[in-house]
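Good morning, everyone. Please have a look at the structure on the screen, and I will walk you through it.

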Amino acid sequence: MNSQRFDEETLNRNLALLAEETASLNAPPEVEQKLLEVFRARRVSAPTYGRYWLVAAAAMILIVIGVVALRSQTDKPKPEFARQTEQPPIKQQPIVEEPKVDQPQPAPQQFVAERPRRRSIRRAPRSEVANHMNREIATDFMPLGYLNPATLQDGGQIIRVEVPRSALVNFGLPVNPDRYHEKVKADVLFGVDGMAHAIRFVKNQ
Amino acid sequence: MNLKSELGDNELLRLMLAGDEQAFALLYRRRQGNVYRFALQMSGSKCIAEDVTQEVFLFLMREGQVFDPARGSLSSFLLGVARNHVLRRMRVDQMLTPIGDDDDAEAGLPGTEIDWRPLDDLARAETIELVRKAVLSLPAKYREVVVLCELQDVSYGEAAEVLGCAIGTVRSRLHRARGLLLSKLRPAEQVDEEASASLKSAGCFA
């Protein structure tokens, strides 16, 4: 018991000695110098953080404005579309419609290539075509040379042209010799490759 | 300067976070000693103690706003941060221990060769060295309570704040740590006694 108390006392004394020995120890002055330098550097750079925030906020506002402007532009095709329909029908106006070719044809959905084009080009002429269809009689599309239907899968254009009536002979159609030199309306089907693939002749009712 | 030196730690911290360099310097000078000594007594290495002190005050600069006065004193907060850094550093050092690390650890102590072994007080220096080695050989969880409660004279309550545990845990760990220290130091005393006994017997035979 006594020896244990002696041990405890000795331990306390020894620990106190160690504590006393280390009590005056401090970090070297270089540490303070380094920390003060860092502190000054941080203080100097602190306002720039504020500036960064301002720049970031301005950038965000610009992005938001840009997105809003883009959205408003993408919603605008309606007025453009109206303008197109207001224009009087011109002779060589591109008309996109499902071609009636004798040979097997691609599905109508596959015929049109891109969506934006579809909205701006296709819808306006549709009414035109409907009006034409009411007033015109047209032959079926006749292939001009070899027609590979696959070439029409990417889309195409029908262009209204006038050709000499003598051209009807080439397709085996009857021609009145008295009107041999007159012109006749025709719709030529152009593929995306720019080649004329088919033709149909049109007559006003 | 004099007015600021009368301010409490929390007020100085507030000023420091607002960019007051003087407040930071005052706070550093007031608290660096505790942090440095704690790191030194925990690691036994001057280099680690310096690094840890620097890291602790850098942390205070960057993340000082996380300190919550309601949860304890700033001193406890800083010692807690120092403890985390020391333990992390010791874990890393354990993985990278080179051959002959014991010698380095001894060499890292404050003036091991010159200050701690003056010729006129060799016995005292040797005792301190023995106790220091015994403390350093304790497992970390016992070492930290000895360093805080016995060497830093921190109250049990503050030690509990630093270690993030209950006061009862601090007490029990300290009790266990003292037992371990006694068992480590006792053989040395016994060896001394045995040596002196053998000298006496040698004297008899002489």
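**Where chain B meets chain A**

Let's start between the chains: five salt bridges link chain B and chain A. Keep in mind that this is a predicted model.

Take one of those bridges. B:Arg178 pairs with A:Glu8, and their closest N and O atoms are 2.8 Å apart. Going by elements, the side of chain B that touches chain A draws two or more residues from each of helices H3 (21-43), H4 (46-63), H7 (122-136), H8 and H10 (167-205) of chain B. Which helix gives the largest share? H3(B) does, with 11 residues. By type, that side of chain B has 19 nonpolar, seven polar and 12 charged residues.

Now the totals. Chain B brings 38 residues to the contact, and chain A brings 28. About 3,300 Å² is buried between the two chains, and carbon and sulfur atoms give 64% of that. Within chain B, the residues that lose the most area to chain A are B:Glu21, B:Met61 and B:Arg178. Together they make up 18% of what that side buries. Polar contacts between the chains come to 10 residue pairs, counting residues at pLDDT 80 or more.

Next, salt bridges over the whole structure. B:Arg124 is partly exposed, at 26% relative accessible area.

Here is one from chain A. A:Arg179 and A:Glu182 meet through their side chains, 2.9 Å from N to O. Are these two buried or partly exposed? A:Arg179 is partly exposed, at 37%. A:Glu182 is also partly exposed, at 36%.

Compare a pair in chain B. B:Glu144 and B:Arg83 form a salt bridge at 2.8 Å, N to O. What does this bridge tie together? B:Glu144 is in helix H8 of chain B and B:Arg83 is in helix H5 (residues 74-95) of chain B, so the bridge connects parts 61 residues apart in sequence. B:Glu144 is buried, with 2% relative accessible area. B:Arg83 is buried as well, at 16%. There is also a network: A:Glu8, B:Glu150 and B:Arg178 are joined by salt bridges that share partners.

Let's stay with H8(B). This helix covers residues 140-151 of chain B, and nine of its 12 residues are buried. Among them are B:Tyr142, B:Arg143, B:Val146 and B:Leu151.

Just past the end of H8(B) comes B:Asp153, with a positive phi of about 60°. Most residues other than glycine have a negative phi. B:Asp153 is not a glycine, yet its phi is positive. Where does this residue lie? B:Asp153 is in the loop between H8 and helix H9 (156-163) of chain B. B:Asp153 is exposed, at 67% relative accessible area.

Last, chain A as a whole. Chain A has six helices and six strands. From the N terminus, the order is α-α-α-β-α-α-β-β-β-α-β-β. Of its 205 residues, 29% count as buried. Chain A exposes about 14,100 Å², with 57% supplied by carbon and sulfur atoms. Among contacts in chain A with a separation of 6 or more, 71% join residues 24 or more positions apart.

That's the tour. Over to you.

Notes: Residues are numbered from 1 along each chain as its sequence is written. Chains are lettered from A and ligands numbered from 1 in the order in which they are written. This is a predicted model: local features need pLDDT of at least 70, side-chain atom pairs count only at pLDDT 80 or more; totals for chains, interfaces and linings use all residues. Side-chain values use heavy atoms; hydrogens and water are left out. Buried means under 20% relative accessible area, exposed over 50%, partly exposed in between (1.4 Å probe, protein chains only). Helices (H or I, at least four residues) and strands (E, at least two) are DSSP runs, numbered from the N terminus. Contact means heavy atoms within 4.5 Å. Accessible areas come from the Shrake-Rupley method with a 1.4 Å probe; for residues, only the protein chains shown count as cover. Buried area is the accessible area (1.4 Å probe) that two parts lose on being put together, summed over both. A salt bridge is a side-chain nitrogen of Lys or Arg within 4 Å of a carboxyl oxygen of Asp or Glu. A polar contact is a pair of N or O atoms within 3.5 Å; within protein, one must be able to donate a hydrogen and the other to accept it, and residues adjacent in sequence count only if both atoms are side-chain atoms. Ala, Val, Leu, Ile, Met, Phe, Trp, Tyr, Cys and Pro count as nonpolar, Asp, Glu, Lys and Arg as charged, and the others, Gly among them, as polar.
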